[in-house]
Amino acid sequence: MVEGEWDIITGNHAAALAAKLARVSVVAAYPITPQTTVVEYLASFIESGYMNAEYIRVESEHSAMAAVIGAAAAGARTFTATSSQGLLYMAEVLHWAAGSRVPVGMAVINRALGPPWNIHVDHQDAMSQRDTGWLQIYVSSNQEVLDTIIMMYKVAEHPDVMLPFMVCLDAFVLSHTFMPVKIPRQEEVDEFLPPYRPRHWLLDPSEPISFGNLVLPDEEYQEMRWSIDLSMRRALEIMEDVAEEFSERFGRYHGGAVMKYRLSDADYVLLTSATLASEAEVAIDIMRDEGMRVGLLKLRSFRPFPHRDLRESLQGRKGVIVIDRSISFSSGGPMGNEVRSSLYDISGAPPVVNYIAGLGGRDITYNDLIMMTKDAIGRISTGRLKRPYYWYKLKPEYQRVELAEEVIS
Amino acid sequence: MSITIHDLRKRESSYLPGSAACPGCGATIAFRIASRILGPNTVYVIPACCFSIIQSPYPRSAISAPILNFAFAAAAAAASGVQRAYKFMGKDVNVVVWAGDGGTVDIGLQALSGAAERGENIIYICYDNEAYMNTGIQRSGATPMKAITKTTPTGKQEMPKDMPMIVAAHRVPYVATASVGYPFDLANKLEKARKIRGFKYIHIFSPCPPGWDFPVNKTAEVGKLAVDTYFWPLYEIEEGKLRITVKPRKKPLREFIRMQRRFESLSDEDIEEMEKLVMEKWNFLVNLEKLERIF
C-alpha cells in the first residue's frame, strides 16, 4: 500500500488508514467483531513506526471511550472504533463525550444487536445512540469511509461545532469487502486538516479549569444543552463547506449531509443510507430504463438531520419511499419517522412509505429495492396506505400474520 | 528524608476555602495534604463521589487545579487517556484519580484493574469513607462488617473487599494504605508515589461524620484510633515488598467502635469477634512483612 496510489483494501483498513492520515495521536480500543481488524491495523501501524501515536489497549468499550475523552481533554486528536454491543456499552460515555465538547472520532461498524447473537449488518446499534450528541454519518463505499473520517475531523474540530463524530459503515458489506481506494498522500491531508488546537477548554496545569462541575437548575445546564443543539445544526453547513473543499483538493465528492442521484425530475424518491444507497443507484438505473421517473436521495448525515435539505428536495414529489435498516418498535424506522416529521407541515407534502428491511444482515439487493419502490408506488396511487410502516422480506409464514394484521388495523 | 510539618506548611494546597463539604469531612483533609505534596503540576480525574459536590457547584470552584469530572465507572480509564496524551506531547504532569470507595472497589473496579494491569503512569487515590456517602449512606464493597447503612439497616453481613491487596496482586510498583489520622505517614506515601513511575495506588481511610455518626470535631481522632486499634493498619507494598509503616501500641477495638453510631448494633460479643478478626489481619500483615516479596 502506497500513499498517493490506488489500492484494493477493506473498509476497516480504510478506517485505520484515515486515522493515521488524520494524525491521530491517541488510540484506545477494545476488540469486537466485525470491528476488530480496524484496531489490529492500527496496532500494526503504530508498532511498525508507520504511525506515530499512543495506543491504549483497554479492558472494555466503556473504558475505550473514557480514555479517548481523557486524551482529547488533554489536547490530543483521538480515535477509536467499535460495533454493536460495544457501542451500547459505551452509551453512558458517549453522552459524556458530547457534553464535554471533545471532537473524538470513531468508526462504528454497524452490526445487529443481541439476543440472539448476530454479527451481520443492521443499523440498530448506531440508531439507538442518535440522541447522544454525536455527529452520525453513514457511508456507502470504502473510499467514502476513508475520505469521510478525514473530513469529519475538520467538521468536528470546527470552533462552532466541537462535537464527537461517528462514521458508520456496514458490517462485512464494507468492513471486510475489498474495494479500490485512492489513498491520499500524508502531505495532502496535512494541508487539508490542521492540527487539533482546542480553544474552549483544556486540561492544563498552567491554566487550571475545573471541567464538569455540578450545575444547578438556575445555572446554565439548559443553555449547555442548547449549545450542543445549536452546534449540531451549525455542523450541517460546515459539513457542506468541508465536502466542497475536499472535492476541490482531492477530486472526490460524496455529498454533504445528503447525496442526490437522478433526482431532479423524479416523481418518486427512494430515500435510504449506507450500502443500501449504493444498491439503490443500480435500482434507479433499471427503473429509469423501464420509464419510471424515480430518483435517489442518500442520507449521509443522520445527526445532524438535514431537515431543510429534505424539505426542499422532497416537496412536490408524488411519493417518498424510505428504507430503514433498523426499527423503533411499534413506531417504524428511525429515518422514516424523521422524514415524516420533516415534511409534516408542508402543504401537499408527499406521502411517505416506510419499509423495515435487511435486519441482521438479511440480503437486500437492487431487485428488492425495485420491489419496495413498486409496492410503494402501487399503494400511493391506489390509496392503500394502511400502515405507517411495512416489514419487507419477512419469511412467508410471518408475512401472512403481518398481512392479516394489516386487514384488521 | 521524610515530610515534616514545616514542609507541608511551605507548600500550597489547591484546596480553597468555601467548599461544599460537610463539616469535619475526612476526605477534604486528605485532599489538602495530597494537593500540597503533588504540587501545582497535577491534574485530577474525579468520578461521581462526594468530591463531585465538594468542589462546589458551577460556576464556583473550591479547587485551584485542573479537574476532569468523569462518569462513575471509568475514572482510571479517562486518566489513562489524559496521561497518554501528555506522554505523546512530551509533557510530564501528575495525573491523579481522586475517587471514593464506590468508584474504586465497586463500579470503578474494572477500569482500575485495567489501568493497573497496563501499568499506566498514574496515581490512583481512593478516599474511603466506607459507604456511598454522596447519595446518602448506602453500603459499598468497602463498608465494614456490622456497619449500619441505609441499605444495611441492621448492619452489613459481609466483610469488605481488601482493595489494597487486590491492587497489589496486579504487581504494580506501589500500593499503600493511609489514614487522615496519620497525616505525615500519608504525606510521605504521596511523596513516594509522586516519584515512582507506573501505577501507584493509595487507599486513604477517611472518616465521615454524618455517615458514621460521630461528632464533627472528632475526625482526626477517629482516623487515628482506626490505626491504633489495628482496625485500619498502615502499610505500603513497594515492588512487592510489604512494610508496616506505623506500629502503634494496640488499643482495644471497643474505643474505635463505640465512637460511632454506625456500629451501635454491635453487642460486646460482636466486638470481641471483630477484635479477633482485626488481630488475625494484623498478624497476617506481620507475617507478610517477613517475606522477601508478597507479590
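Let's start where the two chains meet: 41 residues of chain B are in contact with 42 residues of chain A, contact meaning heavy atoms within 4.5 Å. Please keep in mind that this is a predicted model, where local features need pLDDT of at least 70, side-chain atom pairs count only at pLDDT 80 or more, and totals for chains, interfaces and linings use all residues. Residues are numbered from 1 along each chain as its sequence is written, chains are lettered from A and ligands numbered from 1 in the order in which they are written, and side-chain values use heavy atoms, with hydrogens and water left out.

How much area is buried between chain B and chain A? About 3,100 Å², and carbon and sulfur atoms give 64% of that. Buried area here is the accessible area, with a 1.4 Å probe, that two parts lose on being put together, summed over both. On the chain B side, look at B:Tyr58, B:Arg84 and B:Phe88: they supply 21% of the area that chain B buries against chain A, more than any other three residues.

Now to chain A as a whole. A compact globule of 409 residues would have a radius of gyration near 22 Å, and chain A agrees, with 21 Å. That radius is taken over C-alpha atoms, and the globule rule is 2.2 Å times the number of residues to the power 0.38. You can count 14 helices and 16 strands in chain A; these are DSSP runs, H or I of at least four residues for helices and E of at least two for strands, numbered from the N terminus.

Of the 409 residues in chain A, 58% are buried, that is, under 20% relative accessible area with a 1.4 Å probe, protein chains only. Among contacts between residues at least 6 apart in sequence, 79% join residues at least 24 apart.

One helix to find in chain A is α12, residues 334-343, where 7 of 10 residues are buried. Among them are A:Met335, A:Val339 and A:Leu343, along with A:Glu338.

Over in chain B, helix α10, residues 219-228, is also mostly covered, with 7 of its 10 residues buried. That set includes B:Val222, B:Leu225 and B:Val227, and also B:Asp228. What do the buried residues of α10(B) pack against? Their partners in chain B are α2 (26-38), β5 (174-179), β6 (200-205), α9 (209-212) and α11 (253-257). And just after α10(B), have a look at B:Tyr230, which takes a positive phi of about 70°.

Terms used: Buried means under 20% relative accessible area, exposed over 50%, partly exposed in between (1.4 Å probe, protein chains only).
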